[in-house]
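Please keep the sequence and the structure in view while reading the points below.

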Amino acid sequence: MSATVNWIPEGLDREVPSAARAYDYIAGGTHHFEADRKLGDQVLSVLPARDMSRHNRQFLQRVVRFMVGRGIRQFLDLGSGLPVMGNVHETAQQAAPECRVVYVDNERATIGHSELILRGDERTAMVGEDLRDPDAVLNAEATRRLIDFSQPVGFLMLGVTQFLHDEDDPWAITAAYRRALPSGSCLALSCFTWDNDPETMRNTVEMFQRSGRTPIVPRTGEEVRRLLGDFELLDPGLVFTPQWRPDGASGAAEERSNLYAAVARKP
Ligand SMILES: C[S@@+](CC[C@H](N)C(=O)[O-])C[C@H]1O[C@@H](n2cnc3c(N)ncnc32)[C@H](O)[C@@H]1O
């Protein structure tokens with residue numbers, strides 16, 4: 001168990017698995033309980049989720065450093081999970097200490113853990129809202145306090161679009177956020193896809209259905225592209241996560257994953 005002091009909110013039910021803690025378990029973190037590990041093992045029985053999460057986290061770090069390199073100093077991260085293991089605020093503030101980060105998640109336990117982990121950090125905050133409600137996210141007190149919408153924003157939706165169903169209309173949701181962002185902002189996505197290994201994805205979708213969990217929705221490359229709207233797709237375009245600007249320390253042009261990556265800029 002983690003050495004992090006006081007990251008467990010009072011009254012937490014450890015028997016209820018958490019998507020964010022299961023992800024932390026899969027990714028090799030230390031913030032999880034038995035029920036989360038059980039969920040994580042179920043996922044690992046059908047999906048190479050360890051490699052996927054490693055590639056996804058390394059993509060997150062490369063993309064945040066890329067955005068800081070382009071002068072971005074504020075980040076809005078939807079479906080953020082636990083703010084641990086080199087997450088956005090650690091990576092951004094290491095590159096430029098003045099960076100401000102707003103995390104958004106709708107899982108109660110994750111909100112509670114995150115608030116405790118981030119306590120005392122004046123440049124980073126947790127907003128407990130459903131990302132499907134852009135007005136609530138954009139008008140939340142912490143968003144208003146930390147994000148200046150007259151300056152470019154690093155807007156991240158990583159490893160979360162699989163939880164948005166077509167009926168939720170993820171394209172309309174991302175369009176609402178895109179409209180709120182000023183020119184020069186960058187949108188980064190990583191999305192579960194069918195396009196790498198359809199059979200594994202079918203097995204994964206079926207496993208989530210069979211186990212009565214929230215169904216997951218992988219997407220095609222075309223569906224992911226549409227999430228970018230009229231933003232300008234930056235090099236190297238829509239690729240698998242390890243292929244997005246490998247930097248010698250992480251990523252590789254010839255590696256593949258079941259997650260697409262894309263970064264686009266508001267003209
Ligand atoms: C797999 S984790 C990804 C964490 C992180 N973004 C990353 O890429 O490392 C997905 C997170 O999205 C959150 N999530 C799912 N649906 C959401 C929604 N409608 N609104 C806000 N957060 C959501 C889950 O609670 C979970 O913490």
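A residue is called buried when its relative accessible area is under 20%, exposed when that area is over 50%, and partly exposed in between. The model discussed here is predicted.

**Cysteines**

- Cys191 has a relative accessibility of 0%, and it therefore counts as buried.
- Cys186 is likewise buried, because its relative accessible area is 0%.
- The number of disulfides in the model is 0.
- For Cys186, the closest cysteine sulfur belongs to Cys99 and lies 13 Å away, which is too far for a bond.
- Cys191 also takes part in no disulfide, as its nearest cysteine sulfur, in Cys186, is 16 Å away.

**Nonpolar cores**

- The largest nonpolar core contains 35 residues.
- Within this core, the residues that touch the most other members are Leu76, Leu78, Leu131, Phe155, Met157, Tyr177 and Leu189.
- Apart from its neighbours within four places in sequence, Phe155 is in contact with Leu76, Leu78, Tyr177, Leu181, Cys186, Leu187 and Ala188.

**Asp105 and helix α5**

- Asp105 is located in the loop that runs between β2 (100-104) and α5 (108-117).
- Asp105 is buried but has no salt bridge. The nearest side chain of opposite charge is that of Arg57, at 9.9 Å. A salt bridge requires the nitrogen and oxygen atoms to be within 4 Å.
- The side chain of Asp105 does reach the backbone nitrogen of Glu107, at 3.1 Å.
- Beyond its neighbours within four places in sequence, Asp105 is in contact with several residues, among them Gly79, Ser80, Thr110, Ile111 and Gly128.
- In α5, the residues Ala109, Thr110, Ile111, Gly112, His113 and Ser114 are buried.
- These buried residues of α5 pack against α1 (19-26) and β3 (124-127).

**Salt bridges**

- The model has 11 salt bridges.
- Arg54 and Asp51 form one of them, with an N to O distance of 3.1 Å. Both residues belong to helix α3 (residues 49-69) and are 3 residues apart, about one turn of the helix.
- Arg54 is partly exposed at 39% relative accessibility, and Asp51 is partly exposed at 41%.
- Arg73 and Glu98 also form a salt bridge, in which the closest N and O atoms are 3.0 Å apart. Arg73 lies in the loop between α3 and β1 (74-78) and Glu98 in the loop between α4 (88-95) and β2, so this pair ties together parts that are 25 residues apart in sequence.
- Arg73 is partly exposed, with a relative accessible area of 27%, and Glu98 is partly exposed at 42%.
- Glu222 and Arg226 meet in a salt bridge at 3.6 Å, N to O. Both lie in helix α10 (residues 221-227), 4 residues apart, about one turn of the helix.
- Glu222 is partly exposed at 48% relative accessibility, and Arg226 is partly exposed at 43%.

Note on methods. Residues numbered from 1 in each chain as written. Predicted model: local features only at pLDDT ≥ 70, side-chain atom pairs only at ≥ 80, totals over all residues. Heavy atoms only, no water. Helix = DSSP H or I, 4+ residues; strand = E, 2+ residues; numbered from the N terminus. Buried < 20%, exposed > 50% of the residue type's maximum accessible area, 1.4 Å probe, protein only. Lys, Arg positive; Asp, Glu negative; His and termini not counted. Polar contact = N/O pair within 3.5 Å; in protein donor to acceptor, adjacent residues only side chain to side chain. Contact = heavy atoms within 4.5 Å. Core = buried A, V, L, I, M, F, W, Y, C linked by side-chain atoms within 4.5 Å. Disulfide = S-S within 2.5 Å.
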